[in-house]
Amino acid sequence: MNSDRLSAMASVSRVRLEATNNDGVFIGKTLSAAKYRAGGGKGVALPDLALGLDLNNHSALGFGYPAWRRDGLITDIVLRPDEDTLVEWKPGMASVIGDLWTLQGEPVGADPRQALKRIVAAYRERGLRIQACVEIEATVFEESVHQARAQKYQDLTPLGGTAGAALVHAKSADYTEYLEAVAARFDEIGIPWEAWSDEAATGQIEFNIAPADPVTAADYWARARQLMREVAYSLGRSVTFMSKWSAAYGQGAHLNVSVSDEDGNIFFNAAAPAEPSERMLHFLGGVMGTLEASTSFALPTITSYRRLMELEGPPTTQTWGVANKSCAVRAVLADAAATRLEYRLPAADSNMYSTLAVFLAGGLLGLDEKTTPPPAFDGMAWALAPGSVAPVPKNLYDAIAALEADDQLRKYLGEEFIDYWIGLRRWEWLSFHTEADRDDAQLSVWEFQRYFELA
């Protein structure tokens, strides 16, 4: 354990040790500084239910558990800190992100952060480095979180008014106050951000986080969302990362990725900068070949699929294109530093550790097998004639079925990671269809109560 680093934080009396569960929720324990030091970096025990409870605090059932879950006996797993992530979160408190391990010292195969580490290591073995960043979208409301709860998250008032289009600066001061407070906290914690802006829907914001290696990029994403919540609550506001909270525009979490070797960005075509490189095409071949199977990671909740509205921004077809924002994957062809792929399908409620891991797994499959992608889509990829282009799965059930039928992603991410996710998503589907008082065409109170604060 890097005790010198913690010792330098003179005011720290407690350390929050945290990880995300499969739903992307920060979980963990807060330790006294003395207890943390005494652990010597070995971590703390958590019940296996840390990865086994749904967002309504029910045990996810109906599928085979891996060995570390021991047939429902609620055994322990270990949350071990990654001390490179240790920061002073606020006066008196430090924060450190960790990974989940079995009592036998093996990585938990279903841990999203461990899955991302595995795929990054596979790239590293091939002499490849990855840069990734996330565009975080959320909606902020005038009501406090307590008032929002009292109203069952219904009839809330978007912060900043209801008039105007996207990218508007003429917002009320309370809207700017929130964004500036979030940016200040990012600076304090060391989350490098590049821009913030007013997004398409009322009360909606976007933060662009700077590129980093994939694990660090996902750590930034997790911490940024936590800070955005904390700032909202401190100002008497509420915030949600639900993929769609009203009939207005939904919320995404676009992923930007580039890959380099010792000679530089392998996506950049020095001989023809306006065209994808051969290796970008191979990467795209793998991504497009696994796009349908990977959908449930990008769109993990019941509500995620309500976002897939024609002509509203989110992609609805399994397409890629050059500079084409209507496609699921956009190739951005610029200079050697900026050429990249943008994965536009992920919703704001996706777990970025998992989503990034699966996207990179598809890309690595394409690089390894030199896969040829389908032709780039040149037109508008919305509102197309049925049967002309394969659509994105329309619901979580179909997305799960596509993942179960796939045998490619397992090669890079492991059987446990895929099978455990399938089980959790089936439980999500079953829970909605057995618990909710619903009209499938309308957002249900069940969705608000399940997702508004935790998704």
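This passage goes through the overall build of the chain and then one histidine.

The model is a predicted one, so local features need pLDDT of at least 70 and side-chain atom pairs count only at pLDDT 80 or more, while totals for chains, interfaces and linings use all residues. Numbering runs from 1 along each chain as its sequence is written, and side-chain values use heavy atoms, with hydrogens and water left out.

Twelve helices and 15 strands turn up in the chain; these are DSSP runs numbered from the N terminus, with helices being H or I of at least four residues and strands E of at least two. The radius of gyration comes out at 21 Å, close to the 23 Å from the globule rule for 455 residues, so the chain is as compact as a globular protein of that length. Here the radius is taken over C-alpha atoms, and the rule is 2.2 Å times the number of residues to the power 0.38. The C-alpha trace spans about 60 × 50 × 45 Å along its principal axes.

Of the 455 residues, 58% are buried (under 20% relative accessible area, 1.4 Å probe, protein chains only; exposed is over 50%, partly exposed in between). Among contacts (heavy atoms within 4.5 Å) with a separation of 6 or more, 72% link residues 24 or more positions apart.

As for the histidine, His282 sits in helix 7, residues 278-298. His282 counts as buried, at 12% relative accessibility. Setting aside neighbours within four places in sequence, His282 is in contact with Gly366, Leu367, Lys370 and Thr371.
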